[in-house]
Amino acid sequence: MSSAVANPHSEYIDKRIEKLQMSDRLRTKITDTTHDIIIKDFSCHLFTDLIQTTFTPAYLRKHACSDCGGKSEHRCHGAGEERGELLKRALERVFPDTTKIISLKEIAVAFLEEHKTTRFTFKCTACQDKEPRPKKNKKSNVKSSLSKRKSIRLVPPGESESRQRTFSLRLKWIAIFIRKE
Ligand SMILES: [Zn+2]
């Protein structure tokens with residue numbers, strides 16, 4: 001679990017939220033729709049677009065890549081704080097009862113608010129490419145030590161003979177079976 005952080009762009013996010021509140025965008029209303037469906041339908045389209053239009057190219061130009069100080073080109077959600085995850089948190093907060101009615105605008109505002117407690121940042125292409133893919137990295141580290149252990153797993157004598165064939169120590173156990181008979 002990542003602990004809450006104060007995002008350096010929070011003040012700007014608040015300003016953009018204010019602007020969104022006053023605009024005539026996103027007035028569509030939603031009801032009787034699960035969070036999963038909303039995320040599936042909107043996460044990759046509407047909310048990607050919202051990130052692009054909220055953190056404008058002009059704003060990006062004012063903020064260097066947070067890793068190397070180079071030119072910012074990408075809006076980066078960190079691991080565990082991906083767009084879909086933030087949308088999920090927003091929905092849990094403002095739309096817990098899906099039988100009620102909510103506007104897309106209310107969801108969008110909550111979604112933007114969620115960014116204020118994340119490590120959302122801007123990066124250049126090279127640094128974005130270098131970003132660790134945490135799930136894969138962690139898994140491969142664990143895997144290498146686990147697979148070594150798996151290869152020397154023993155089969156207790158009570159197991160059937162066919163199952164034992166699949167293990168490297170089968171000859172030893174067959175010898176025990178023969179001796180038993
Ligand atoms: Zn960079």
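Me: At what angle do helix α1 and helix α6 pack, and how far apart are their axes?
Reply: This is a predicted model. Helix α1, residues 10-22, packs on helix α6, residues 104-114, at about 175°. Their axes are 10 Å apart.

Me: How do I read that angle: parallel or antiparallel?
Reply: Angles over 145 degrees count as roughly antiparallel. So α1 is roughly antiparallel to α6.

Me: Which residues make the contact?
Reply: From α1, take Ile13, Arg16, Ile17, Leu20 and Gln21. From α6, take Lys105, Ala108, Val109, Leu112 and Glu113. Sorted by class, six are nonpolar, one is polar and three are charged.

Me: Now the core. Which residues of the largest nonpolar core touch the most other members?
Reply: A nonpolar core joins buried residues through C-beta atoms within 7 Å. Here the largest one has 13 residues. Phe47, Leu87, Ala90, Leu91, Ile107, Ala108 and Phe111 touch the most other members.

Me: Which helices supply this core?
Reply: α2 (35-42), α3 (46-54), α5 (83-94) and α6 each supply at least two residues. α6 gives the most, with five.

Me: What does Ile107 touch?
Reply: Leave out residues up to four places away in sequence. Ile107 then touches Ala90, Leu91, Val94, Phe95 and Ile102.

Me: And the whole chain: how many helices and strands?
Reply: Ten helices and four strands. In sequence order, the pattern is α-β-α-α-α-β-α-β-α-β-α-α-α-α.

Me: What share of the residues is buried?
Reply: Buried takes 20 or more other C-beta atoms within 10 Å. Of the 181 residues, 15% count as buried.

Methods. Residues are numbered from 1 along each chain as its sequence is written. This is a predicted model: local features need pLDDT of at least 70, side-chain atom pairs count only at pLDDT 80 or more; totals for chains, interfaces and linings use all residues. Axes are lines fitted to C-alpha atoms, for helices over the stretch in contact, and angles run from 0 to 180 degrees between N-to-C directions. Angles under 35 degrees count as roughly parallel, over 145 as roughly antiparallel, 65 to 115 as roughly perpendicular and the rest as oblique. Two residues are in contact if their C-beta atoms, placed from the backbone, lie within 7 Å. Ala, Val, Leu, Ile, Met, Phe, Trp, Tyr, Cys and Pro count as nonpolar, Asp, Glu, Lys and Arg as charged, and the others, Gly among them, as polar. A residue is buried if 20 or more other C-beta atoms lie within 10 Å of its own, exposed if 12 or fewer, and partly exposed in between; C-beta atoms are placed from the backbone.
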